[in-house]
Amino acid sequence: MNQEPGAARQARARSRRCIAVAGLLILLSCALLLLCHSLWLSAIGSFLVVSDPLQPADAILVLAGGGSHRMAEGAALYHSGYAPWVIVTDMPLNVPGTRAGYAELMAIEAGWQGVPADRVLTAPGTVRTTYEEALAVRQLAEQRDFRSLIITSDSFHTRRAKAVF
């Protein structure tokens with residue numbers, strides 16, 4: 001009976017040592033990840049960003065959800081002559097006091113960027129995801145007989161957008 005408490009004590013001590021070693025390994029791993037973050041963040045960024053060579057297309061699609069920089073890129077492509085149309089999609093806005101829809105705001109932004117209003121097309125419906133956006137744009141593209149699009153988005157969104165479209 002006297003040996004049982006000693007064995008239990010040794011088991012607890014061994015367990016504490018294992019937990020301490022595991023904690024130290026986790027701490028060292030976190031420190032290593034932090035010190036080498038430029039390497040692994042660059043690798044992740046390189047994986048997420050895809051880009052095809054620019055070629056003339058039937059239209060330029062400015063994906064919803066980003067800021068005005070997406071439209072600025074789309075407008076620059078339009079002005080460079082890559083496509084005669086700019087397509088926007090509508091999505092729900094949760095901005096108090098705003099009566100305009102997202103597509104309407106993006107069309108206004110396109111005008112500010114120098115794209116004529118009659119060159120901006122709005123895909124049908126309201127979208128919430130990139131997949132829904134692809135379906136809406138496909139419908140518009142089929143109606144207009146568009147065969148090619150240039151898609152503008154945030155660089156980290158390009159791999160997913162390419163997979164969906």
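A search of the whole structure finds three salt bridges, a salt bridge being a side-chain nitrogen of Lys or Arg within 4 Å of a carboxyl oxygen of Asp or Glu. This is a predicted model, where local features need pLDDT of at least 70, side-chain atom pairs count only at pLDDT 80 or more, and totals for chains, interfaces and linings use all residues. Residues are numbered from 1 along each chain as its sequence is written, and side-chain values use heavy atoms, with hydrogens and water left out. Let's start with the charged pairs and then look around.

**Asp154 and its partners**

- Asp154 forms a salt bridge with Arg70, and their closest N and O atoms are 2.7 Å apart.
- This pair links distant parts of the chain, 84 residues apart: Asp154 is in the loop between β4 and α6, while Arg70 is in helix α3 (residues 68–79). Helices (H or I, at least four residues) and strands (E, at least two) are DSSP runs, numbered from the N terminus.
- Is Asp154 buried or exposed? Asp154 counts as buried because its relative accessibility is 14%; buried means under 20% relative accessible area, exposed over 50%, and partly exposed in between (1.4 Å probe, protein chains only).
- Arg70 is buried as well, like Asp154.
- The side chain of Asp154 also makes a polar contact with the side chain of His69, at 2.4 Å. A polar contact is a pair of N or O atoms within 3.5 Å; within protein, one must be able to donate a hydrogen and the other to accept it, and residues adjacent in sequence count only if both atoms are side-chain atoms.

**The other two salt bridges**

- Arg138 forms a salt bridge with Glu142, with the closest N and O atoms 3.2 Å apart.
- Both Arg138 and Glu142 lie in helix α5 (residues 130–144), four residues apart, which is about one turn of the helix. Both are exposed.
- Asp145 forms a salt bridge with Arg147, with the closest N and O atoms 2.8 Å apart.
- Asp145 has 48% relative accessibility, so Asp145 counts as partly exposed; Arg147 has 69%, so Arg147 counts as exposed.

**Around Trp85**

- Which residue lies over the face of Trp85 at 3.8 Å from the ring centre? That residue is Arg119.
- Arg144 lies over the face of Trp85 too, at 5.0 Å from the ring centre. A charge sits over a ring if NZ of Lys or CZ of Arg is within 6 Å of the ring centre and within 35 degrees of the ring normal.

**A nonpolar patch**

- Val21, Leu24, Leu25, Leu27 and Leu28 make a nonpolar surface patch of about 510 Å². Patches are made of residues with over 30% relative accessible area and no salt bridge, with like charges joined within 9 Å and nonpolar side chains (Val, Leu, Ile, Met, Phe, Trp, Tyr) within 5 Å. Accessible areas come from the Shrake-Rupley method with a 1.4 Å probe; for residues, only the protein chains shown count as cover.
- Leu24, one of these residues, is in helix α1 (residues 3–35).

- Thr89 is in strand β2 and counts as buried because its relative accessibility is 1%.
- The C-alpha atoms of Thr89 and Val62 are separated by 7.9 Å, although the two are 27 residues apart along the chain.
- Asn94 is found in the loop between β2 (86–90) and α4 (102–112), and at 75% relative accessibility Asn94 counts as exposed.
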